[in-house]
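Student: I'd like to understand the labels used for this model. Could we set each one against its definition?

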Amino acid sequence: MGERFIVMAGTAGAGRALMPDMQKGLLAFPLFFQRKARRLEAEDRALFELEAEEPAAERCLRLSERSVFAGLWDLHNACGCGVKVRLDAIPCDQVTIELFERAELSPYEEAGGNTVLLVTDSPVGLLSFFGERNIRSSLIGTLTEDNACVVISEAGTRYITPERK
């Protein structure tokens, strides 16, 4: 198996952050944060519009109601191999972080909306594709030959498991 990479386009927790109950929380923040929230909305809309123009990738998974962690678990199952991701590489908007801290939620465990996870052997092309469309994207990890589904952070290694219903 050649090296395969995981690219994420969009923002962790964007789907949940854009829900009306979370948007009401923006009123407590300064105006510049509210402007940043509009950029998050524009990015989510741009990702939605890409559906007809999906970039070339071995696999493309739109998160919708799934969290980033749940999406990684599903990607792990679909590809039949392990997943190794760096937490600090997962795109996460500052507005989302602030909103989620107030609500005592984790952006990595909330709905991702139109955010996508992609598997490719050529991440540079995907990063350029999204960059040309002003959509934040990042190389967040790789597929591995073992079966572990892990996220590495300064705090250590976290093993991802299926979400409980």
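Tutor: Gladly! Let's start with accessibility: buried means under 20% relative accessible area, exposed over 50%, and partly exposed in between, with a 1.4 Å probe and protein chains only. This is a predicted model, in which local features need pLDDT of at least 70, side-chain atom pairs count only at pLDDT 80 or more, and totals for chains, interfaces and linings use all residues. Residues are numbered from 1 along each chain as its sequence is written, and side-chain values use heavy atoms, with hydrogens and water left out.

Student: Why is Arg39 called partly exposed?

Tutor: Its relative accessibility is 43%, and the partly exposed class lies between the buried and exposed cut-offs. So Arg39 counts as partly exposed.

Student: What makes Glu43 buried?

Tutor: Glu43 has a relative accessible area of 3%, so it falls in the buried class.

Student: How do you know that Glu43 forms a salt bridge with Arg39?

Tutor: A salt bridge is a side-chain nitrogen of Lys or Arg within 4 Å of a carboxyl oxygen of Asp or Glu. The closest N and O atoms of Glu43 and Arg39 are 3.4 Å apart, so the pair qualifies. Both belong to helix α3, where 4 residues of separation amount to about one helical turn. Helices here are DSSP runs of H or I with at least four residues, strands are runs of E with at least two, and numbering starts from the N terminus.

Student: What makes Arg136 and Glu43 a salt bridge, and which parts does the pair tie together?

Tutor: Their closest N and O atoms are 3.0 Å apart. Arg136 lies in the loop between α6 (123-132) and β5, and Glu43 in helix α3, so the pair ties together parts 93 residues apart in sequence. Arg39, Glu43, Asp93 and Arg136 are linked in a network of salt bridges.

Student: How do you know that Glu58 pairs with Arg4?

Tutor: Here the closest N and O atoms are 2.4 Å apart, which makes this a salt bridge. Arg4 is buried at 15%, whereas Glu58 is partly exposed at 45%. The whole structure holds 10 salt bridges.

Student: Why are β3 and β5 said to pair?

Tutor: Two strands pair if DSSP finds at least two bridges between them. Strand β3 (residues 82-86) and strand β5 (residues 137-144) have 4 bridges, in the antiparallel sense, so they pair. Lys84 stands opposite Thr142 in β5.

Student: What joins β3 to β6?

Tutor: Strand β6 (residues 149-153) runs parallel to β3, with 4 bridges between them. Val85 has Val151 as its bridge partner in β6.
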